[in-house]
Amino acid sequence: MAGVFKAISSHLKKGRRAYWVLLDPDDFSPARGRIIAAKAMEAGAHALLVGGSLMHTNHFDQFVEHVKKEVSIPVILFPGDSTQLSRHADAILFLSLISGRNPVNLIGEHVKAAPLIKQCGIEPIPTAYMLIESGAVTSVEFMSNTRPLPRNKPMIAAAHALAAQYMGMHMVYLEAGSGAPETVPDAMIKLVRSYVTIPIIVGGGIRDPQTAQAKLSAGADIIVTGNLLRRANGLEVMKEIAQVVNGFKK
C-alpha cells in the first residue's frame with residue numbers, strides 16, 4: 001500500500017479524525033490476530049498497529065502476514081526495537097523517543113533498522129514518541145530506561161513536540177503507556193495542539209468512548225487503543241470508540 005502517510009494526511013485534512021487499533025503479537029496468536037484485525041476494520045478502524053515493548057514469542061513476521069491478508073486498511077509497525085520488522089507491513093512508525101535522553105532510543109535502534117526497512121520496502125513515518133507520566137511504571141518506560149515527561153508540566157511536552165516538528169518529524173505520539181492508570185491529560189494535548197501543526201496521536205489508558213471523545217476535543221487527531229482487547233467486552237468497546245471517532249465534529 002503506497003503513500004500511507006499521504007493517505008493519513010489527506011484524511012485528517014478533511015477535518016476527520018482517525019482510530020488505530022494496536023495488536024501485540026505477545027497477546028494473540030496469528031490466527032486470533034487475524035480475526036481481531038477483521039473485526040477492527042469492520043468496526044471502522046482506519047489502521048492497525050502491530051508491535052510491543054517486549055517480544056517473548058517468535059511469530060512476529062507470521063502475525064503481520066496473517067493480519068495483512070485479512071484487511072485492506074494500512075498495517076503499520078509500532079516497534080519496540082529494531083527486531084520488530086516485517087516485509088508484510090505497509091509502513092512503520094519510525095519512532096524517536098524524544099521524551100527521554102537514552103541515545104539507543106533516539107538514534108541507536110534506528111541505525112540498525114534503517115537498512116532493513118529499505119530492503120523490505122516498508123514506508124517509514126518519522127514520529128516523535130513521547131512518554132507521559134501515567135501513575136505507574138509502564139513496560140515501555142522500563143524497557144527504554146527513560147523517565148516520562150511529568151503530567152503536570154504540559155509546557156515541557158509542548159516544547160518537545162515543537163522541537164520534533166522543527167526537526168522534520170511527521171507526527172507526534174503522546175503515550176501514557178499500555179494499561180496506564182491515567183491517560184495523557186487533556187490540558188497537555190490542548191497545549192501541544194496549540195504549538196504544532198503536525199498530527200497528534202494519543203494512546204494509553206483509553207478504555208471507553210467518553211475518554212476518546214475527551215482526547216479528540218482536546219486536539220488529538222488519532223486515537224490508539226490496545227489493552228482493552230484483553231477484556232471480555234473489548235471488541236464491543238472498540239466498536240463504540242470507532243463510532244465516536246468517526247462521528248466526531250469540532
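Predicted model: local features only at pLDDT ≥ 70, side-chain atom pairs only at ≥ 80, totals over all residues.
Let me start with what Phe60 touches. Leaving aside neighbours within four places in sequence, Phe60 is in contact with Pro25, Val50, Gly51, Met55, Leu77, Gln84, Leu85 and Ser86. Phe60 belongs to helix α3, which covers residues 60-70. Is Phe60 buried or exposed? Its relative accessible area is 9%, and buried means under 20%, so Phe60 counts as buried.

Next, helix α4, residues 103-120. Helix α4 has 18 residues. From its first C-alpha to its last, α4 reaches 25 Å, close to the 26 Å expected at 1.5 Å a residue. Where in α4 is the kink? It lies at Val111, shortly before the proline Pro115, and comes to about 40°.

Now the two ends of α4. At the start, a side-chain oxygen of Asn102 reaches to within 3.0 Å of the backbone nitrogen of Val104. At the other end, α4 is followed by Gly121, which has a positive phi, near 75°.

Which residues of α4 are buried? They are Asn105, Glu109, His110, Ala113 and Ile117. Keep this in mind when you look at that list: an α-helix has 3.6 residues a turn, so residues three or four places apart point the same way. The buried residues of α4 pack against strands β4 (91-97) and β5 (123-131), and against helix α5 (139-144).

Strand β5 comes up again with helix α6, residues 154-166. The 13 residues of α6 should span 18 Å at 1.5 Å a residue, and its end C-alpha atoms are 18 Å apart, so the two values agree. The buried residues in α6 include Ala157, Ala158, His160, Ala161, Leu162, Ala164 and Gln165. Among the elements covering them are β5, β6 (171-175) and α7 (186-195). Just after α6 there is Gly168, with a positive phi of about 100°.

Staying with β5, the loop between β5 and α5 holds Ser134. Why does Ser134 count as buried? Because its relative accessibility is 2%, and the cut-off for buried is under 20%. A polar atom of the Ser134 side chain lies 3.5 Å from the backbone oxygen of Ala136. Not counting residues up to four places away in sequence, Ser134 touches Arg151, Ala176, Ala180, Pro181 and Glu182.

Thr225 is found in strand β8, residues 222-225. With a relative accessible area of 3%, Thr225 is also buried. Leaving out residues up to four places away in sequence, Thr225 touches Tyr19, Trp20, Val21, Leu22, Ile206 and Ile241.

Last, a pocket. Rolling a probe the size of a water molecule over the atoms shows where empty space is left. How much space lies in the second largest pocket? About 170 Å³. Its lining is made of Phe5, Ser9, Leu12, Lys13, His170, Arg193, Thr197, Ile198, Pro199 and Asp221. Which element gives the largest share of that lining? Helix α1, residues 4-13, with four residues.

Notes:
Residues numbered from 1 in each chain as written. Heavy atoms only, no water. Buried < 20%, exposed > 50% of the residue type's maximum accessible area, 1.4 Å probe, protein only. Contact = heavy atoms within 4.5 Å. Expected span 1.5 Å × (residues − 1). Bend = angle between axes of the 7 residues up to and from the residue. Polar contact = N/O pair within 3.5 Å; in protein donor to acceptor, adjacent residues only side chain to side chain. 1 Å grid on protein atoms, 1.4 Å probe; cavity = no way out; pocket = protein on both sides within 12 Å on 5 of 7 lines; lining within 4 Å. Points joined across faces, edges and corners; volume = space filled by probe spheres on them.
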